[in-house]
Amino acid sequence: MSSPYAHKGVGFESLLLAAVPEYLRRGVAWYDKVEVPKGYNKGRLFFKKKTGFDFYGTHWIDIGEGTKIGRSMYFEAKDINETILPLLSPESKNKSGVHYHQLTTLAKLESMNCECFILWRTGGKVYRISPVMAIEIVGIGKNIHREKHSSILTQVPEVRGMVDFLFGLNTRK
């Protein structure tokens with residue numbers, strides 16, 4: 001699976017990783033980038049294995065009286081500066097968007113009560129999207145339209161250069 005898109009979201013992913021120390025300081029979360037086994041063939045980068053998400057970690061949830069529980073967290077980061085975000089079907093030849101295996105893996109984990117989402121950076125803003133809602137409202141093989149599907153897009157704030165993508169998540173589940 002050679003891909004010219006292999007490094008497209010590196011800057012966005014680095015921005016997300018830069019937030020780890022702040023989330024740790026606040027006692028909110030820890031996460032890291034999934035390392036995908038890669039190789040080279042005739043000078044082209046390819047992925048040896050597919051993964052269902054870019055990041056994994058734990059979101060600590062305050063349940064009261066100074067007690068926190070950890071909730072598994074998985075998310076995919078997409079840096080696609082378009083007004084649409086494709087939810088790719090297994091047959092799709094398009095390389096840019098949320099791939100079928102990513103969407104279905106995240107939706108399965110979300111249905112098992114893990115904290116799962118897609119982060120989409122577009123037009124200078126970052127949106128958080130539930131994979132289950134994306135499938136239910138938009139559908140696999142269709143496109144999320146920034147304006148048309150605003151009900152499933154949660155814009156996350158940028159505070160002092162940090163994308164605070166956990167802002168607004170229900171911390172008592």
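Where is the place of glutamate 115? Glutamate 115 sits in strand β7, which covers residues 115-122.

The model is predicted, so to speak of local features pLDDT must be at least 70, side-chain atom pairs count only at pLDDT 80 or more, and totals for chains, interfaces and linings use all residues. Residues are numbered from 1 along each chain as its sequence is written, and side-chain values use heavy atoms, with hydrogens and water left out.

**View 1. Glutamate 115 and its partner histidine 59.** Strands are DSSP runs of E with at least two residues, helices runs of H or I with at least four, and both are numbered from the N terminus. Glutamate 115 counts as buried because its relative accessibility is 5%; buried means under 20% relative accessible area (1.4 Å probe, protein chains only). Its side chain makes a polar contact of 3.4 Å with the side chain of histidine 59.

**View 2. Serine 130 in the loop between β8 and α4.** This loop lies between β8 (125-129) and α4 (131-138). Serine 130 is buried, with 17% relative accessible area. Its side chain reaches the backbone nitrogen of valine 132 at 3.3 Å, and a polar atom of that side chain lies 3.1 Å from the backbone nitrogen of methionine 133.

**View 3. The buried residues of helix α1.** In α1 (residues 10-17), look for Phe12, Glu13 and Leu16, which are buried. They lie on the same side of α1 because they cover an arc of only 100° around the axis, taken from the directions from the helix axis to the C-beta atoms.

Definitions and conventions
Buried means under 20% relative accessible area, exposed over 50%, partly exposed in between (1.4 Å probe, protein chains only). A polar contact is a pair of N or O atoms within 3.5 Å; within protein, one must be able to donate a hydrogen and the other to accept it, and residues adjacent in sequence count only if both atoms are side-chain atoms.
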